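Please look over the sequence and the structure below.

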Amino acid sequence: MTGKPGGGDSPVSGRRGEIDRATSLIESARNLVIFTGAGMSAESGIPTFRGEDGLWQGYRPEHLATPEAFERSPEVVRSWYRWRRDLIEKVQPHRGHQALASWCLHSGKKSCVITQNVDGLHQRSGCPDVIELHGSIRHDRCHRCGQRALDLDAVFCSCGGPLRPGVVWFGEPLPEAAVDRSLEQIDDCDVMVVIGTSAVVHPAAGMVFRALEIGASVIEVNPAPVLPAPVLHISGTAKEILPRIFSTGSVNGENPA
Ligand SMILES: [Zn+2]
């Protein structure tokens, strides 16, 4: 698929002019930060747990993804995460993930991906540097001492504390090391691309405004972009837009799937 010309009566997904501006900003970037959210994974088939995806066996996610829920009913919470892990194992990174990973690997520029997703799809697509702001569903950690556990069948830590998914739950602070590294990267970036998150709530909002504050150019890729000017809006999904703006020319630029 190549770019469609802009213009016409109705909004066109990813107008040519905006795509060209984004591409040249990315091409001339010195240090690029990519910030992604649930919309990035949705096209791989990962539920966003909103709307029709909202319930699991009658439970609402916001009633399962809390430390209180785990302390009250650890087995229910664990089985929800087992179900989600199985689902994630069955899906594949889409061509937007692949275009981004290929660009990070082959552009020769400094870059990193900061993600709110816990599914590991950026890593599976080959992204070399991913900061997981909300932790990862791919490992457990001890609810008492915090030690990481790679054996997902184990139930208790060596300290005797219960093992839980390695994600950040509602009401919990973000991992300090991930936040510190993210801010370090943002303070040094000159272009930020926000993908698949409305970025109007914490922590995304703070990170986007920090990038704007230091004078970085910010590009937003979303079906209905919402960030205020001077953010460059590109209407469209990650899967359709990323292969067009993250192109490394002759080097495996696109891998349609
Ligand atoms: Zn422990």
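Is Cys 157 buried or exposed? Cys 157 is buried, because its relative accessible area is 10%; buried means under 20% relative accessible area, exposed over 50%, and partly exposed in between (1.4 Å probe, protein chains only). The model is predicted: local features need pLDDT of at least 70, side-chain atom pairs count only at pLDDT 80 or more, and totals for chains, interfaces and linings use all residues. Residues are numbered from 1 along each chain as its sequence is written, and side-chain values use heavy atoms, with hydrogens and water left out.

Cys 157 is one of the ligands of the zinc ion, which is coordinated by the SG atoms of Cys 142, Cys 145, Cys 157 and Cys 159 at 2.3 to 2.4 Å. Donors are N, O and S atoms within 2.8 Å of the metal (3.2 Å for Na, K and Ca); water is not among the atoms, so sites may look incomplete. Along the chain, the zinc donors follow the spacing C-x2-C-x11-C-x1-C. The arrangement is tetrahedral because the four donor atoms subtend angles of 102 to 120 degrees, and four donors count as tetrahedral if all angles lie between 85 and 135 degrees. Cys 142 is buried at 1% relative accessibility, whereas Cys 145 is partly exposed at 44% and Cys 159 is partly exposed at 33%. The whole structure has zero disulfides, a disulfide being a pair of cysteine sulfur atoms within 2.5 Å.

Elsewhere, Val 226 lies in the loop between strand S8 (217-222) and strand S9 (232-235); strands (E, at least two residues) are DSSP runs, numbered from the N terminus. Val 226 is partly exposed, at 46% relative accessibility.

Notes: Helices (H or I, at least four residues) and strands (E, at least two) are DSSP runs, numbered from the N terminus. Four donors count as tetrahedral if all angles lie between 85 and 135 degrees; four count as square planar and six as octahedral if opposite donors are over 155 degrees apart and all others between 65 and 115; anything else is irregular.
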